[in-house]
Every structure is written in structure tokens, then in C-alpha cells.
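Here are a few notes to read alongside the model. Keep the 3D view open and find each residue as you go.

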Amino acid sequence: MNHFRDLHMLVLAILLVSLRVILGRSSQVDNTNRIRCLEVERRALLKIKHELVDSHGRLSSWADDENAWDCCKWRGVHCHNRTNHVTRVDLHDPMAGDYYNRSPLRGKISTSLLELQHLRYLDLSFNDFEYTPIPEFIGSLTNLRYLKLALAHFSGPIPHHLGNLSKLLYLDLRNNYYCYSENLDWISSLGSLEYIDLSFTNLSKAYNWLQAVSKLTSIKELYLRGDLPEIPLSLIPEINGSSPLAILDLSSKSQPWTPWTLIRWFSNFSSTGLTYISLYRNGIPGPIPDVFENMISLAYLDLGINDLQGGIPKYFGNFSSLIGLYLDENNLTRDVSDLMWNLSGSVEKRLEYLYLGGNNISGLFPNMSNFSSLLELKLQENQLNGSIREGYLRLPRLVSLDLSSNQLTGPIPELAFSSSLKELHLSNNTFNGTLTQTRILSLRQCKLGKYFPRWLKTQKEIGYIDISSTGISDIVPTWFGGIAPNVFYLNASNNQMHGFFPNFSLVPISLRGPVLPYFRLNLMTMDLSRNKISGPLTFLCNVKEWGLLDLSDNLFSGRIPDCFANFHKLTYLNVANNHLSGEIPYSFGALSSLTLLHLRNNSLSGGLPTSMRNCTGLKMIDLGENRLTQNIPAWIGDSFPELIVLILRDNEFYGDVPSNLCRLANLQVLDISSNNVSGSIPDCLQDYNAMTKKQTRGWFSDNWALWGFPLPEAWHSVYTRSFESIYFMWKGKEVKYMNHLGLVKLIDLSNNDLIGEIPSNITRLVGLVGLNVSRNNLVGPIPRDIGQLESLNFLDCSRNHLSGGVPTSLGDLSHLGVLDLSYNNLSGRIPLSDQGLTFDESAYVGNDGLCGRPVNKSCPQDESDQDPYSRADAESKDDDRFITEGFYTAMGLGFVVGFWGIVGTILLNKKFRYEFFKEVNTSNDMNMARWWRFFQNQ
């Protein structure tokens, strides 16, 4: 019986366990399948989606169908585990840092957001709300803890209603440049706030900003980059409480200021001690004071890009917590050994980031080996000299080293001990020798010698190479393809390299970490310009994706390969000044990101492929000096709304000038000279809106986009100048223009077969600097109001059939430096003005009907209409006729009569003679007395 009972109990237990497992799984399946989303909140979310413009499908999961009924599973939506209320809506653009793949939402923020009253987290950052105001009703979401609206293109006043969010812990409104607040009292109500970032919103009139901050007793991180009003000492508030403030960022003021009093105030306001202070780019003058001396918790201090002078205070060596010290771009002038001596102490073993570049630091390179924790050392653009002694750079953790633009000599420093080194900049010195493995190598303008550096062959991990302007005049070696698979940036420009460029295959690499903050590594950038490299361009087809390509000023030949269909992110293409032939490839139409296209000075034939109408982002097209034929495509005016430069000169285009070109409102340079173009000049020139303005911003303000990645500021100014250059004819000579391109506004239609008159509406282009319509068959008058072109510096209307007179308004062109009206049918008097007289006869030669200066041909009008200068000469001659021989005879007789009439009376009349000499004696006595007193007083 007992055994039977035990068996019974065992079976029962097994049944219970099995039932529990089955029920548990059933419950899990039920929990997985059941809909958690509350209907009222689901409907609210759908209304929010309805008022947004989602061009990239980011909200595709927000659907109103049975397969997507549970809004808690929608992208960016999170619900509470127990109540199922929506607590989090995160709609920030996840691709905001990727220029080519950004996917911002647009449209309007719906008031249906108010139906999500349990919302604790709202992130709408990095979208594009098209400069609408920040909605006031967000202040009614009183359960919010996190509100992120950074760089979302809002404008207008920051609503004070945000002060109602008393539970808010985190507020980020940064980089909404057109938002402003003139009173920050509203942040005083945010007693729980731990993080606030109002950087680059307009707070220039918020004079109570410090008073408001003083009431944030929970604040830990405070970011107020951009302009803030200075606070007089009398208005700095007393500290009635304290906060756990650790991070303070008051950088990037547009006007120089001295913030030391504020730093003392914040140091006392922080109960835990400041760990991070940024006063970057503030124009702070003078030496570094003792304001930081007692900040024992300070880990990062950024004083870069200011006007600080002198050296580094001695007490900096006592900063036992300091990890990063940024003093770059100042006016520090001490010997580098003195600076390093002041950093000796407890800070030596701790410091990881030391930025001293862009100062006036001098002296021999010091021993840096005691700074054993250094990851990044920046000493570029100073006056360091001499060679680097062995062991002075024995830094085992070093990742990035920049010694460029000094006066350092000798062998390249031994860096084998720095096994982590990834970034090396030694350009603009006179180093020689070899180096160890690195991933970023910058030797621009170093003197590497004639031969291609063999040690590059051993660089198996290198990704960035800059050996431009290094004096190499060798054949490009075939082994270069061996290191190429890892390369994402190659600049070998401005050398004398020759031979064929080897075939290679480049695969996008993935380098992560802080060492490469500047680069988009899925694109390849190559600059081989200004060499003597020859052969075909077939090697271009082996690359997965190009970003920037400059092969100009070489000896490349053959056809441009038709393999551009996959290069969707290529932004800059320059193959100018080579020996290329054949037609422009049809696959160019796939270059949807192309901004600048330079194909000038080759032997290209055919026309523009119609596929290129897809390249809607083009800003510059230079096809000059080729053998292109056909009509100028009318679709250019409809397909390239951003076009600024169109150069088609010196080809074989024919037909009329398409009136559609007038739709290029941003056009500043139009050059179709030296073709076979006929017909009349379109009567719509006034539609070139950019030329109607005297001043225009730079052509390519978004220069980073040209590269596909942002460049360090120092590199950007060097490289992009050559990319944004143009060639055009100016005053009879071809010039390359690189600087201040926004000032260039030019129309050149010369050397064609144009007929008809010069349109009078051309005078509305008041920003026009150069106008050349010479060597055509134009007739009619020069526009009477030509003087309205106030910016005009160059005017050439020569060798046409223009008639009528020279407009008197030409004299109003105060900037006009070149004028050529020669070989026309102009007639009448040349108008006289100070400006007109600066041009010699050659400006008017070949117009037989012109008279007056400077052609020295008298006009047939009567005397009253003569040249005023000739009339003045005649009047001068008439005046001279008054002084004749009779004039001198009469003057002599008058003198004789007058003299003896007076003297004879004195001599013959005794009484008169006595009175006369008595008066003379009295006058002499008085004069003698005056002279005697004068000498006594000396």
C-alpha cells in the first residue's frame, strides 16, 4: 500500500509540474500576442504622424492596421511595463551625423501630443521643423523628465511655459540658432534640473541669466555656449545655496570678454567641485590668473582659441586630477622647456590630452617621456627647432601626434615604442628618414627627396596619407597597390610623379575610436593633381565608393571610363588639364551628390549626356577648352537650380542661347565665349538674381559636404581653395581665381555669332563685375543706363556693329578699369568725365564717327559746343592778347608821371617838405623804441 501511495504521489507531482509548465508557456504566448497599447494613445500617435512629413519612412511602423495594432512596438515608442501608458517618444534623426544619409522629419508637431500625459521622455532632436516656434503646449506635459529639441530648426522665443515642467531632469535646446530668450526666469522653476544646454540660442539680452542659474540647486551640467551678456560686479548674485555642478561650458563668445570673476562664482557655487571647464573661443586676453589654483577636482580645462599670453602657471603642475589641457591657438610665448617644467609634478603621470598648437612657443624639443599617460600631443604651428633626441617621445600610450609647421630637423622621431600610434602629422618641417606603423600620416611639405618613400611599402595599416608638396619626382611604384586596400584618403598632389598609376582595389574600412573624429570612412578621397602621371583612368573603376577625386594637371589620356554608376556620393570631380578624349560618360547621370565638375582643357567630344539632368546638386560646371558640339542643352536651366558657375567656353557649341538658362537664379559666372553660338542674347538677363546683388556670400558655404566628411579647420582653408577655383578670361588673359569667389560675377558671350541688340535689362545686374560681348554681330546702341552697373570693372563691346553715341552714364562707373568699344559704328562726341579720360584712344579706335578727346578729332559743332578744354585754351590766348607792346609803354609813362608828381611837390614846396621830414623823423624814433624794447625782452 505504501508503495502504491508513493507511486500515486509521484504521478500527481509530475502532472502538477507538467501543468505548471504548460500554463506558464501559455501565459508567455498570451503576453507576447496581447496588445498592450492603449487605444486613445495609439490614436494620438497616429495624429502626430499625420502632421509630420516623413520622407524617409522612419515612421513606417506607425500603421493603422491589424498587423501593427500595438503602438508599444512602434519605432521610437516605449510603454510602461505595468500601466501600458506611452512613456517615451524618441523621434530624433539617428543619421544626423551622416551628411549623405540624414533623414529628418519635417512638418508640424501635433497638439495630440497632449494626450500622452504620462510621457516622461520626448526627443525630437536633429529634425527640420522649418523654423516654426517651439510649441508652448509642451509645457503642459508635466510628467516630462527628459526634453530634447536640439538642432531641430526651431525659431522665435523659447516659451516660458517650459518652466512648468517641474519634474524635468534634462533639457537640451542647443543649436536652434533662431530661438531666443530675453528673460530666463522660467528656468528658476526647474528645481530638479540636472542638465541644461541652451548653447547657440540667442541669449544676448538675457541679463538675468546668472540670477536664474543660481536657483538651479540640482544642476550638474551647464552648457551655455554662444553669446551671453556680461554681468557687472554689482549685479553678480550672492550664493544662497549650492549645487553639484561639475561641468561648465561658457565657450564661443563672438566678442572678447574676461570671465574670471564668473569662474570664481561658479567654483563657489559648486558643492562637489568643477571637473570640466570650457572657455574655448572667447577672445580672453592677458595671462592665465590664479582662478583655477584651488580646483583640485578639475579634470578637463579648455582655454583654446583665445588671446592668452605668457606661459603656463606653475600651480598647474599640482593638478592631480587633470586629464585634458587645451591651450591651443593662443599667444603663449615661453620656451617649451619652461612650459613643461611648470607641468612637472602630479599632473605629469595623469595628463592624457595636451594641446599647445598654434602659439608662439619656441626652443628645442623637450623630453616628453615623463608624460607617460599621454594619448594626444599637439604642438603644431609653433617655433620649435632642432632635432628630436632619441627617447624624448617614449610615450607608450600615444595615439595622435602633431608636430607640423615648426622648424624641426633631423631624422623622423623614433616612435616604435608608441605601439598605439594611429595619427601622425609632421608636415612643414625638414625631417628625413623612415617611420614605424601608423594609420594616419601627414608629411605635407616635408622634404622627402626625389624618390618615392620605400618605407611606405611596410605600412600595412595606413588609411590616411598626405605626401603632397614633398618634392617626389619618381615613378609611382607598382607596389603601391599593396598598401592601397586600407587607404581612404590619399593626397600626393603638387609633386613631379610620373608613369602610370597602378591598378588597385579599395575596400571601405572601419576604423573606430576617438583618433579619427573627422572622417567618413566609407568614401575614398584622392588628390593626385599637379603631377605628370600618365596612362588611362581605368583604376577609378576598382573603388567601391568615391567621395572626392582630383586628377587635374596631369598627363592622363584615353577615354573617361563609363563606370560611375555606383559613385552616388561623389561630390567633387576634377580631371581638368589632361589629354582625355571621347565623350562624357552616360554614367555621370548617376552622380546625384556631385557638386563641382571640372573637365576643362581636354579633348572631349560630343555633348552633355541627357542623364546629367539628374545631377541636381551641381554648383559648378567647367567644360571649357574641349571639342564639345551640339546645342547648349536647354534642360540645364531646369535641372541645376543651385548652379553658380557655368563655363562652356572654347568649344564648338552652336545654335541659340537657350532662354531657359535665365532660370538659373543663383548663377554668378556665365561663360559661353568662343563657340559657334548664334541668335540673339536672351531678353531675360534680369532673372539672374545673384547678379542683381552687389555682395554675395561665398559660393560653397557648406564646404564640408564637398569632402563627404568634416575637415579640421586648419586643413579646410588650405585644400578647399583649390577645389573652389575657376578659370576664365579676364582683360584678355586666362586667370585662375581662387579667393573671394563670391565677388566674381561675370558674363562672357564673346567670340560667337550673336546678333541683335544688347538687352537694356542687363543694366539691372548691379553686381556684375565683368561683361564681354566682343567679336559678335551685335547692332543697336549701348544701353543708355549702362552706368547703373556700379560694380563693373571690365567692359568689352569691341568688334561688333554697335551704333549711336557713347552713353554719358559711363562716367558713373567709378570702378571701371578696362573699357574697349573699338571697331564699331559709334558716333558723336565722347562724353567728358574724370573716368572717361582714364582710357586712351585704343578704347575707341575704329569708330570713325567719334570725335573729341581722347581720339583728338574735332567735332563739327559750332564754337559754343566745343570741347571745354579747347575753349579754355582759346580764352587763355584771348587773355594773352591784352599784354601787348603798347601795354608796357603806357605802364612806363604812368610810373614816371606818378613818381615825379609826388617827389617834385616835396622838393619845390618848403612848408610841405618840412612837415614831411618831421613825420618821417617821428616815425623812425617810434620804430627805434619798439626795436629797443624787443631786444631787452629777449
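1. Start with the surface: Y131, Y177 and Y178 make a nonpolar patch of about 380 Å². To belong to a patch, a residue needs over 30% relative accessible area and no salt bridge, with nonpolar side chains (Val, Leu, Ile, Met, Phe, Trp, Tyr) joined within 5 Å and like charges within 9 Å. A salt bridge is a side-chain nitrogen of Lys or Arg within 4 Å of a carboxyl oxygen of Asp or Glu. Areas come from the Shrake-Rupley method with a 1.4 Å probe, and for residues only the protein chains shown count as cover.

2. A word on the source: this is a predicted model, where local features need pLDDT of at least 70 and side-chain atom pairs count only at pLDDT 80 or more, while totals for chains, interfaces and linings use all residues. Residues are numbered from 1 along each chain as its sequence is written, and side-chain values use heavy atoms, leaving out hydrogens and water.

3. Where is Y131 found? Look in the loop between strand 5 (121-123) and strand 6 (132-133); strands are DSSP runs of E, at least two residues, and helices are runs of H or I, at least four, both numbered from the N terminus. Y131 is partly exposed, with a relative accessible area of 42% (buried is under 20%, exposed over 50%, partly exposed in between).

4. Now the strands around there. Strand 6 pairs with strand 8 (residues 154-157) in the parallel sense over 2 bridges, and T132 stands opposite F154. Strand 8 also pairs in the parallel sense with strand 10 (residues 178-180), over 3 bridges, with S155 opposite Y178. Pairing takes at least two DSSP bridges between two strands.

5. Which residues touch the most other members of the largest nonpolar core? They are F266 and F292, out of 224 residues. A core is a set of buried Ala, Val, Leu, Ile, Met, Phe, Trp, Tyr and Cys residues joined through side-chain atoms within 4.5 Å. Helix 4 (260-269) is one of the elements giving two or more residues to this core, and its 6 residues are the largest share.

6. Last, an open sheet: 6 strands in the order 31-33-35-37-39-41, with parallel pairing. Strand 31 (498-500) and strand 41 (627-628) are at the edges with a single partner strand each, so one side of each has no neighbour in the sheet. Within it, S534 has L555 in strand 35 as its bridge partner.

Definitions and conventions. Buried means under 20% relative accessible area, exposed over 50%, partly exposed in between (1.4 Å probe, protein chains only).
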